[in-house]
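Subject: A structure for you to explore

Hi there,

Have a look at it first, and then read my notes below.

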Amino acid sequence: DDNMSLSMASGSIGTTKTTAIEREKRNLREVIEEMELDAETRIETCRLVTFYFTRKCALRNGEEHLATLIDTHGSYLDLHQCLVAAGKVHSKLLIEKLLQVAKNDSRHRESMKHLKNADENKLIFYEPQMLSALLEMLWSLSTSDGGFNPTTLLVSAYPDVQPWCVREMSSVENANSFYFKYMSSLLHHEEGNDAARRDRELVKEWCLMLSSQEDTENADEDWKRECFLHIASRDDESSILYHRDLPFLMDTSTKMSEFGLALDIANEIVQSIRYRHNKQVLEDVLNHLETISDVAVKGNDGELNATLLSQIITFFNVIAPCLEKHQYEIDIIAELTKLLEQCRTEKTKNTSYASTNVGACITCISENAPPSKSLRVFSQWEHSSIESASLVSAIQTSLIRGAREGLRSELSGSLLRIKRAREEGLRPMMMENEMSNWDSIGSVVTDGSGEEEEEDEEAGGGGFIWKRVLDGTLQIAK
C-alpha cells in the first residue's frame with residue numbers, strides 16, 4: 001500500500017508540473033499574439049517610425065538618440081529611406097547601425113549575392129532595394145582586382161549613394177584612386193550626373209582634385225586641365241552644365257597658372273550682376289590682377305609675356321567703373337606707370353631679362369590703354385627720356401588711336417549716308433532741311449565766279465551738286 005501511495009503521489013506531482021508548463025507556454029503564446037500587429041497596423045507603424053527617423057536626420061540633431069532607435073525598433077524602419085537620410089547628413093554611425101539591421105533582410109542578402117557574382121560581362125542596373133548591399137560592399141568593390149567595374153553602378157546610384165560614402169570606403173592617396181575615377185565619371189561633362197554637376201560642394205571638390213599638384217604623367221595633367229576648362233571656361237559649351245562659383249574658379253585658375261583663363265573669369269565677374277556689386281569680390285579680383293601682372297612682367301625665360309600684359313591693361317578699363325561705384329577708385333595711370341617701373345626694376349635685378357622688354361611694355365600700353373591715359377603715362381614717367389626710341393612709336397600709336405576714336409565719335413549721320421550712297425552709286429535720301437543746307441553750300445563753290453553754280457543749275461536744276469558729291473570731285477571753299 002505504501003508503494004502504491006507513493007506511486008500515485010509521484011504521478012500527481014508530475015502531472016501538475018506538466019500542466020503548469022503547458023499553461024505557461026499558452027500564456028506566452030497569448031502574449032505574443034496580442035503583441036503581434038495586423039497587416040495594416042504594421043504598415044502604418046513602419047511608416048511613422050521611418051518618418052520620425054528621417055525627420056530627425058533632416059534636423060541634424062540627436063544622432064545618438066537615432067542610433068538607439070535603430071537598436072530598439074530597427075525592424076520597423078524602411079532601410080532605403082533611412083540610409084538615404086543618413087547619407088545626406090554624412091552620418092557614418094547611423095549607416096553602420098542600419099547595415100547591421102539589413103543583415104536580417106532577405107532582399108539585402110539577395111542583393112549581396114547578386115553583386116558578389118557580378119563579372120565584367122554582366123551589366124547591373126541600380127535598384128533602390130540594393131542600396132544596403134552596395135554600401136556594405138563598397139570597400140570590397142573599390143579594392144577588387146576583378147573584371148567588374150562598379151563605377152557605372154555607383155554613378156547611377158547617386159544621390160542614394162553619396163560621394164562621401166565612396167570616399168570613406170576607398171583610398172585617396174593618389175590620383176589613380178578609386179574615388180578619383182568615381183568623381184571623374186560622376187562629374188563627366190557628357191556622361192555624368194546632371195544633379196551632381198549642379199552641386200556646389202561637389203564641383204568645388206572636383207576642381208580641387210583637378211588642380212592638385214601631385215606627380216602625374218603629362219597626359220594626366222593635360223586631361224585634368226581639359227576637365228577643368230569644361231567647368232571654368234565660359235567659352236566651353238559644357239560650362240553651362242556646372243555650378244560655377246566664379247571667385248573660386250578665378251582663384252583655382254591662378255593656382256593652376258591658367259592666367260589667361262583667370263582674367264577671363266575676372267572679366268565675367270565684373271559683368272555679373274551677382275558679383276559686380278560685391279566689394280569684397282572686386283578686391284579679390286584686384287589682388288589676383290596684381291599677382292598676374294607680376295607674372296606677365298617677369299615672363300618666361302627673360303621674355304615679357306606681352307599677350308597676358310595686354311589682357312591686364314585692357315581689363316583695367318573694365319574694372320575701374322565698377323570700383324568707382326563702391327568709392328574704391330583705381331588710378332589707371334598709376335597702375336600703368338607701376339607696370340613700367342616693374343619692367344625697369346626687373347631689368348636691373350635680372351641679368352637674363354631682355355633689354356627690349358621695357359619697350360614691349362610701352363608698346364602694350366600704347367596699343368591697349370585709352371589714348372588719353374597712355375599719353376599721360378608717357379609724359380609723366382620720369383624715365384621716359386631713357387626709352388625715347390620706343391616712346392616715339394608708342395606716342396604715334398596713341399595719337400593715331402585717339403584720332404580714330406574721335407573721328408568715329410564725331411561723324412554726322414549725313415556724312416555717313418553720303419559715304420554709303422557713294423559706295424552704292426545712289427543718291428542719298430535727304431530731308432528738306434538738309435537739302436536746303438546743300439543749296440547754301442552751292443553758293444560757296446570754288447573760284448567764287450558763280451559760273452559753276454550756273455552750270456550746276458543747268459545740269460541738275462535748282463543748284464543741286466549731287467553729281468560731284470557722289471563722284472567725290474566736289475571742291476568747296478573754306
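Which residues in helix 17 meet which residues in helix 18? Before the reply, please keep in mind that this is a predicted model. On the helix 17 side, the residues are Leu282, Val285, Leu286, Leu289, Ile292, Ser293 and Ala296. On the helix 18 side, they meet Leu308, Leu309, Ile312, Phe315, Phe316, Ile319, Cys322 and Leu323. Sorted by class, this contact has 14 nonpolar residues, 1 polar residue and no charged residues.

How do we describe such a pair? In general, two packed helices are described by the angle between their axes and by the distance between the axes. Helix 17 covers residues 279-298 and helix 18 covers residues 306-324; their axes cross at roughly 160° and come within 11 Å. Angles over 145 degrees count as roughly antiparallel, so helix 17 is roughly antiparallel to helix 18. The crossing of helix 17 past helix 18 is left-handed.

Now a second pair. Helix 19 (residues 332-349) packs with helix 20 (residues 357-368) at an angle of about 170°, and the axes are 9 Å apart. Helix 19 and helix 20 are therefore also roughly antiparallel to each other. Here the crossing is right-handed. From helix 19, the residues Leu336, Leu339, Leu340, Cys343, Arg344 and Lys347 take part, and they meet Asn357, Val358, Cys361, Ile362 and Ile365 in helix 20. By class, that contact has 8 nonpolar, 1 polar and 2 charged residues.

One of the residues in helix 19 is Arg344. Is Arg344 buried or exposed, or something in between? With a relative accessible area of 31%, Arg344 is partly exposed, because that label covers values between 20% and 50%.

Thr151 lies in helix 9, which spans residues 151-156. Thr151 is buried, at 7% relative accessible area. Leaving aside residues up to four places away in sequence, Thr151 touches Phe178, Lys181, Tyr182 and Ser185. Gly192 sits in the loop between helix 11 (178-186) and helix 12 (194-197). Gly192 is buried too, with a relative accessible area of 16%. With the residues up to four places away again left out, Gly192 touches Ser185, Leu186 and Arg197. From Gly192 to Ser156 there are 36 residues along the chain, while their C-alpha atoms are separated by 9.2 Å.

What about the cysteines? A disulfide is, in general, a covalent bond between the sulfur atoms of two cysteines. This structure holds 0 disulfides. Cys207 is buried, with 0% relative accessible area, and Cys227 counts as buried at 14%.

Finally, the whole chain. The protein chain has 26 helices and 0 strands. Of its 478 residues, 38% are buried. Looking at contacts between residues at least 6 apart in sequence, 61% join residues at least 24 apart.

Enjoy exploring, and write back with any questions!

Best wishes

Technical notes: Residues are numbered from 1 along each chain as its sequence is written. This is a predicted model: local features need pLDDT of at least 70, side-chain atom pairs count only at pLDDT 80 or more; totals for chains, interfaces and linings use all residues. Side-chain values use heavy atoms; hydrogens and water are left out. A disulfide is a pair of cysteine sulfur atoms within 2.5 Å. Buried means under 20% relative accessible area, exposed over 50%, partly exposed in between (1.4 Å probe, protein chains only). Axes are lines fitted to C-alpha atoms, for helices over the stretch in contact, and angles run from 0 to 180 degrees between N-to-C directions. Helices (H or I, at least four residues) and strands (E, at least two) are DSSP runs, numbered from the N terminus. Angles under 35 degrees count as roughly parallel, over 145 as roughly antiparallel, 65 to 115 as roughly perpendicular and the rest as oblique. A crossing is left-handed if the near helix is turned anticlockwise from the far one by less than a right angle, and right-handed if clockwise. Contact means heavy atoms within 4.5 Å. Ala, Val, Leu, Ile, Met, Phe, Trp, Tyr, Cys and Pro count as nonpolar, Asp, Glu, Lys and Arg as charged, and the others, Gly among them, as polar.
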